[in-house]
Amino acid sequence: PEAITIQELANRMSERAVDVIRMLMKQGAMHKITDVIDADTAQLIAEELGHSVKRVAASDVEEGLFDQVDDSTDTETRSPVVTVMGHVDHGKTSLLDALRHANVVSGEAGGITQHIGAYQVLSPESGKKITFIDTPGHAAFTAMRARGAKVTDIVVLVVAADDGVMPQTVEAINHAKAAGVPIIVAINKIDKPDAKPERVRTELLQHEVQVESFGGEVVDVEVSAKNKTNLDKLLEMIALQAEILDLKTNSERPAEGTVIEAKLDRGRGPVATVLVQRGTLRVGDIIVAGAEMGRVRALISDQGDTVQEAGPSVPVEVLGFNGPPEAGDRLAVVENEARARQITSYRAHQKRENAAASISGMRGSLEQMMS
Ligand code: GDP
Ligand code: MG
């Protein structure tokens, strides 16, 4: 249910909070300035104080921002976006590092590659690009999904051959299944003398992940991140899976994307790593993400190069936000600053209200516990 704090209501009417509290008192309710009242009560109070009330629905403000439903213009093939998941210490970071240095897209291997939270590599045989989200772990995946963002096309499930299926392996399987994302299994640490890849396959079967050699459809590749064994094969399997998924997009429209990570950089101000998903993001574009807005001042590629634009499935660092957005926030390009301000001020307001409502909810349950 919609709700507002008394302070916020007073602010928005440019009235004093005490007058709002007095008005509520007349109706027989005692309130503090930090209390949350429901939208109907707020409307009543506002009207009694002589204000005209226009309740704004999210659908009005957000109208047309993401037309995900209309994908009829998505006719261009795009690169797959891959997230690496698995149990702690099974080699996610090692694998991501090995892949990054194995086939960096612009061939600048050995150079100082800046970490921007995501990167692209080439699959050597097909020459196709693959985008890796470089924030391993379930937290990132879960945060994105919680915000309704779908960034991952394929999950690479890393299972250490000497350790087998562990609790976070099972969690990752469940995440991937819930999101409807296909899994490719990377059986890692195959170099170890006590590696038992066959045992991994058997254990996976118990969690309804049936690899090809067991008559299923899930591809598995035995790799060693340490010795860089079979990395090309893994990339090729990802490229193949992407072909099956037939991923389409449209680069000729205003950009849409998702914030992978964001921070406040001392020298550069708010910096967000964004995965562009549709359209093309350009320097000068006016952008919104969550409750933040800005104008793209600079775009920096995963190679650390300044670029003028970034198309679908391309990760890029975005400079020019007024404040850092949150991981999982959807990014959109809008027509002008007025529109951007309307959207972000509405969202900032929603955010404050939700926070206030959850605090008052907490207080309510605390009081119940005490009584
Ligand atoms: P994460 O927690 O899943 O990110 O795992 P890490 O990448 O941090 O790896 C955990 C440990 O396993 C580190 O000590 C790595 O050096 C080691 N490791 C990762 N991959 C391999 C591999 O292919 N072979 C061997 N022998 N060790 C590996
Ligand atoms: Mg790690």
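Modeller: Strand 5 and strand 6 pair in the antiparallel sense over six bridges, where strands are DSSP runs of E with at least two residues and helices are runs of H or I with at least four, both numbered from the N terminus, and two strands count as paired if DSSP finds at least two bridges between them. In general, the strands of a sheet pair through backbone hydrogen bonds, either parallel or antiparallel. Within this pair, Leu 122 stands opposite Lys 129 of strand 6, and the hairpin that strand 5 and strand 6 form has four residues between the strands, with Gly 127 taking a positive phi near 70°.

The model is a predicted one, in which local features need pLDDT of at least 70 and side-chain atom pairs count only at pLDDT 80 or more, while totals for chains, interfaces and linings use all residues. Residues are numbered from 1 along each chain as its sequence is written, chains are lettered from A and ligands numbered from 1 in the order in which they are written, and side-chain values use heavy atoms, with hydrogens and water left out.

The whole is an open sheet of six strands in the order 5-6-4-7-8-9, with mixed pairing. Strand 5 (118-123) and strand 9 (219-222) stand at the edges with a single partner strand each, so one side of each is left without a neighbour in the sheet. On average, and with direction ignored, neighbouring strands of this sheet are turned by 30° against each other, the axes being lines fitted to C-alpha atoms, for helices over the stretch in contact, and angles between N-to-C directions running from 0 to 180 degrees.

Further along the order, strand 7 (residues 154-160) and strand 8 (residues 183-188) run parallel and are joined by six bridges, and Val 156 has Ile 184 in strand 8 as its bridge partner. Helix 7 (residues 167-179) packs on the sheet, touching strand 4 (81-86), strand 7 and strand 8, and its direction makes about 165° with that of strand 7; contact here means heavy atoms within 4.5 Å. Helix 8 (residues 197-205) also packs on the sheet, where it touches strand 7, strand 8 and strand 9, and its direction makes about 145° with that of strand 8.
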